[in-house]
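Please keep the sequence and the model open while reading.

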Amino acid sequence: MVSVKVLPMNGGNGKSSYANSSLLQKKMIEEVRPFLEDSIKDAFNLGIPSCVKIADLGCSSGSNAVSAISEIIHTIHGMSKGMNGKSPEFQVFLNDLPGNDFNNIFSSLPDFYEKLKKEGGGTMGHCFITGVPGSFYTRIFPSRSLDFFHSSCSVHWLSQAPTGLEKNKRHIHIAKGSPPTVIEAYTNQFKKDFSLFLRLRSEEIKDGGLMVITVIGRSMEDPCTGESCGIWELLAESLADILVEGLIEEVDLNSFNVPIYYPSHSEIRAVVEEEGSFSLDKVESFEVNWDPFDESDKYRAAQNVVNYIRSITESTLTAHFGDGMMENLFGRYADRMVKHLLTEEAKYSFMAISLTMK
């Protein structure tokens with residue numbers, strides 16, 4: 001079976017670009033802000049380096065790429081004032097896959113720097129931002145070089161779709177009809193990838209360094225339950241629709257599986273403890289609607305959800321199926337999404353996780 005690889009989000013500023021379809025991530029960042037601030041204050045309460053080195057993993061593009069960084073910088077700057085010390089300088093590394101639209105981020109940096117300067121009242125230390133292309137399932141920074149890792153809405157992406165999913169026919173993710181071997185394959189791939197992620201970051205972060213990550217997860221232990229899997233089953237049904245029309249081949253549908261896994265709290269804890277490099281300080285759970293705009297008009301709500309899913313999957317779908325059927329596919333997906341949202345109050349569960357390097 002073909003192994004589906006992870007490709008970047010949609011670039012540019014079009015309707016289906018990640019930059020214009022990522023309000024979900026923005027809402028998650030806003031929800032997690034108090035958790036992030038408390039984690040930073042706990043980590044730096046004994047002192048702040050003269051230059052704080054920060055990496056954001058899976059930054060993608062658009063305003064979200066620097067919004068969390070802004071919160072981190074302001075929190076540390078405020079702490080330095082409270083300690084009656086000079087504000088540190090900030091060296092920030094924005095990481096994503098090599099095909100990411102880094103130019104979209106770089107074009108926004110002059111305004112970002114100007115805003116930081118104004119909000120800092122002339123006392124904030126200089127900030128230097130650099131793009132670092134590469135998979136976070138590889139080494140991307142020198143040893144013991146970072147003070148703080150941040151990642152939002154990225155680590156639930158696997159390094160690739162699991163192998164051994166031949167029996168997952170007509171499904172593209174874990175579904176209620178998936179056999180146990182499929183659930184086991186996804187679970188094992190997540191454990192392998194998340195353990196590798198932790199080990200690699202442990203080599204790059206300083207002793208006592210902080211890592212805060214936000215992942216879409218699930219509130220129940222059974223991977224087949226919960227709305228997060230339902231969003232992919234609707235896409236699988238839409239792919240089946242265009243299969244009937246002869247727009248894709250059955251062999252291609254049966255060999256496509258989304259390289260995402262939504263872990264439970266206990267799975268996160270188990271991998272952290274088994275890998276052993278980090279202490280798990282705290283985990284908090286949150287919820288947000290599939291439609292982050294919270295539209296009462298379910299037709300508009302459905303289109304918002306579809307635009308988001310399209311922005312994160314179109315490059316991967318195109319690489320596997322070709323691009324000739326995308327409008328048809330996402331039109332079908334919108335129709336199915338409307339029917340779902342008219343009968344269900346669909347929400348994502350997500351977790352904020354704070355870890356300290358031992």
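Across which strands does helix H3 lie? Helix H3 (residues 102–119) lies across S2 and S3, and runs at about 165° to S3.

## Basis of the model

The model is predicted, with local features needing pLDDT of at least 70 and side-chain atom pairs counting only at pLDDT 80 or more, while totals for chains, interfaces and linings use all residues. Residues are numbered from 1 along each chain as its sequence is written, and side-chain values use heavy atoms, leaving out hydrogens and water.

Helices (H or I, at least four residues) and strands (E, at least two) are DSSP runs, numbered from the N terminus. Axes are lines fitted to C-alpha atoms, for helices over the stretch in contact, and angles run from 0 to 180 degrees between N-to-C directions.

## The sheet

An open sheet is formed by seven strands in the order S3-S2-S1-S4-S5-S7-S6, with mixed pairing. Two strands pair if DSSP finds at least two bridges between them. Strand S3 (127–133) and strand S6 (278–289) are the edge strands, each pairing on one side only. From one strand to the next, the twist averages 15°.

Strand S1 (residues 51–57) and strand S2 (residues 89–96) run parallel and are joined by seven bridges. Cysteine 51 has glutamate 89 in S2 as its bridge partner. Helix H7 lies across S6 and strand S7 (347–357), at about 160° to S6.

## Helix contacts

Helix H4 (residues 180–204) packs against helix H7 (residues 265–275) at about 50°, with the axes 10 Å apart. Contact means heavy atoms within 4.5 Å. Residues of H4 that meet H7 include Phe190, Phe194 and Leu198, and those on the H7 side include Ile268, Val271 and Val272. The residues of this contact divide into six nonpolar, two polar and four charged.

Helix H1 (residues 23–43) and helix H2 (residues 64–82) pack at about 25°, again with a spacing of 10 Å between their axes. H1 and H2 are therefore roughly parallel (under 35 degrees).

## Cysteines

The count of disulfides is zero, a disulfide being a pair of cysteine sulfur atoms within 2.5 Å.

Methods:
Ala, Val, Leu, Ile, Met, Phe, Trp, Tyr, Cys and Pro count as nonpolar, Asp, Glu, Lys and Arg as charged, and the others, Gly among them, as polar. Angles under 35 degrees count as roughly parallel, over 145 as roughly antiparallel, 65 to 115 as roughly perpendicular and the rest as oblique.
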